[in-house]
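Good morning. Please have a look at the model on the screen before I start talking.

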Amino acid sequence: MEDLIFAAAKVMSVWLTVVFTLIVLPSVFGASLGISELYMRILVKTLEWATIRIQKGVKQEQAMALKNSASSGIIQRDETTMEKEIAGLHRVDFELSDVFYFSKKGIEAIVEDEVTQRFSSEELVSWNLLTRTNVNFQYISLRLTVVWVLGVLIRYCLLLPLRVTLAAIGIVSMIVGTTLVGQLPNSNAKDWLSELVHLTCSRILVRALSGTITYHNKENRPQKGGICVANHTSPIDVLILTNDGCYAMVGQAHGGLMGLIQRSTVKACPHVWFERSEMKDRHLVTKRLREHIADKNKLPILIFPEGTCINNTSVMMFKKGSFEIGGTIYPVAIKYDPQFGDAFWNSSKYDIVSYLLRIMTSWAIVCNVWYMPPMVREEGEDAVQFANRVKSAIARQGGLTELSWDGGLKRAKVKDTFKEQQQKNYSKMIVGNGSTGNPTMGAE
Amino acid sequence: MGSAHSMPEEIQELADKTGFTLEQIEHLHRRFKQISGDQRTIRKESFDRIPDLEFNPIRSKIVRAFFDKRNLRQASDGLAEEINFEDFLTIMSYFRPMEMNMDEEQLDHFRKEKLKFLFHMYDSDNDGKITLQEYRKVVEELLSRNPHLEKESARSIADGAMMEAASICVGQMEPDQVYEGITFEDFLKMWQGIDIDTKMHVRFLNMEPIAHCH
């Protein structure tokens, strides 16, 4: 019995040593040993092989490109405007026919709408050997099954423990490190140390997810005293960005483990954590953020103006609050590659723990981050227009579609003001035609 | 690995009944699950989840049409409380585009079905005619909530259109003749020359997933 425990302890220590030297230590210096690059190359080759095998199993005529329909949906929407369509149908001014147009539009909306599909995971063009994305794909061949089983074993028995270990190390070192640094008096040395601790822990945590991140246009990286704005797909976005620079984070104060992390990090670096009651007071929030950016020595603030997680195929309405603060905005576009792992957090379907487990059992998290040149609010532009301008820029850079719907629709219903607009347009058309009928009618 | 279709015979039955292809049924099934929140049936409230639908002025009529027993071919009257996937497909099949390989009789029947669907939307009390009251209600709904439009204007628009309809269907009326309402035959007559079929269909993209084993 004791031998068993002894052996287990030995294995554990060997394991930890390996992890430390190969992964943790290089993170401190921001260096890479090339292990993850090798892993990614093997992974890409395997997935390519799998795709070819799947395609071979299909008859030639049926192998149509799915790319278009995967992103644009299952029906072809009729784009004729309301005006043209109704004018074409008119025999008299107001007609039973107008109901045609609206009922068709209604049915189209029921079959598929732009907004709801943004709150579920992106569909893949071809299967990536994860069971969870296996929607349409059927049994192909024995070899493919074997590779899939191998994949499951590697992911759950090799990668998952490794990643969990790393995550634990990362979180613990962040808490311990920032608390220690927080004890020091304020000085340049403290700032430098706090940056080092934050960066190291971020790097460890990113490796815990097998993250392969490509940063573009590093010269546009957010500077101190500015506000960094990015599209939101998951809580991991924060890690992706802090892997490459230090930011002051803004958010609600939580309890539990998250709260512990928040309390310890705020000692080392001036993050802005709000109590839940304070969040309701918009002026208070704006005031505090303004004070933060007024101090040019403080790190740039990181804000996600969509307010909720979207599935990374589109960018939804940016809430204007962040754009009213003033200062320079540094937009950042983040685009994940869904082939290796789905980063989207569907908070109504999964809670945070199952979400993290899913992330840790995916192949990898691959994403591209584009830093964009800074933007400032122009003369005569109000906060909403500015927000839309930044949103368009981010959508264009990241290759995402742009929607003006509010991300809050994930949970709430559409405001009445939007409904009325369509009805106003329609009635303007009818009344404008000057239809006044004869009021004497028989059937009453 | 790989999910074989769990109930191919049932899906084939649905395909035969409603005329959709297997892939379209699969996609619609996923959409159904989205709308119903993974339940087996949907109720009127489930349609509240669709933001795009909120724009539509006749939203309530469209939603109601899904539960109308006449459209579901279950009875000649009444509203169902909830509908399952098969009912959902039945309603959707009214909006299928015309097939190339349909013959004259089938095309005519199809056209009649579509017009009947629309007729049921207007004829809410189910007496087989669209009376002036019902017509007015539809107009009001289409033009409702516009603060600049008064009820009077909406009324007179409805009355004027009803007059037009009467003159088409019945011809010149005597001064004291009362026009009961638009029956389904009159409704068909009004639409005789016009090709409404192209206006009342939803085009499904032809898509097949890359991996497909028969």
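Predicted model: local features only at pLDDT ≥ 70, side-chain atom pairs only at ≥ 80, totals over all residues.

I start with strand 8 of chain A, residues 329-336. How many of its eight residues are buried? Eight of the eight are, so here I count a residue as buried when its relative accessible area is under 20%. Look at the two faces in turn. On one side sit Ile329(A), Pro331(A), Ala333(A) and Lys335(A), and every one of these is buried.

Which strands pair with strand 8 of chain A? One is strand 3 of chain A, residues 227-230, which runs parallel to strand 8 and is joined to it by four bridges. Within that pairing, Val229(A) has Pro331(A) as its bridge partner. Another is strand 9 of chain A, residues 365-371, which pairs with strand 8 in the antiparallel sense over five bridges. There, Tyr336(A) stands opposite Cys367(A).

Next, helix 9 of chain A, residues 256-268. The buried residues of helix 9 are Gly259(A), Ile261(A), Gln262(A), Ser264(A), Thr265(A) and Ala268(A). What do they pack against? Their partners are helix 6, helix 7, strand 4 and strand 5 of chain A.

Now the two backbone angles. Ser210(A) is not a glycine, yet its phi is positive, about 50°. Ser210(A) belongs to the loop between helix 7 and strand 2 of chain A. Is Ser210(A) buried or exposed? Its relative accessible area is 17%, so Ser210(A) is buried.

Asn312(A), also a residue other than glycine, has a positive phi near 70°. You will find Asn312(A) in the loop between strand 6 and strand 7 of chain A. Asn312(A) counts as buried because its relative accessibility is 4%.

Last, the surface. Val149(A), Leu150(A), Leu153(A), Ile154(A) and Leu158(A) make a nonpolar surface patch of about 430 Å². Take Leu153(A), which lies in helix 6 of chain A, residues 142-183. Leu153(A) has a relative accessible area of 46%, so it is partly exposed.

That is the end of my part.

Definitions and conventions. Residues numbered from 1 in each chain as written. Chains lettered and ligands numbered in written order. Heavy atoms only, no water. Buried < 20%, exposed > 50% of the residue type's maximum accessible area, 1.4 Å probe, protein only. Pairing = 2+ DSSP bridges. Patch = residues over 30% accessible without salt bridge, like charges linked within 9 Å, V, L, I, M, F, W, Y side chains within 5 Å. Areas by Shrake-Rupley, 256 points an atom, 1.4 Å probe, with all protein chains shown as cover. Salt bridge = Lys/Arg side-chain N within 4 Å of Asp/Glu carboxyl O. Expected span 1.5 Å × (residues − 1). Contact = heavy atoms within 4.5 Å.
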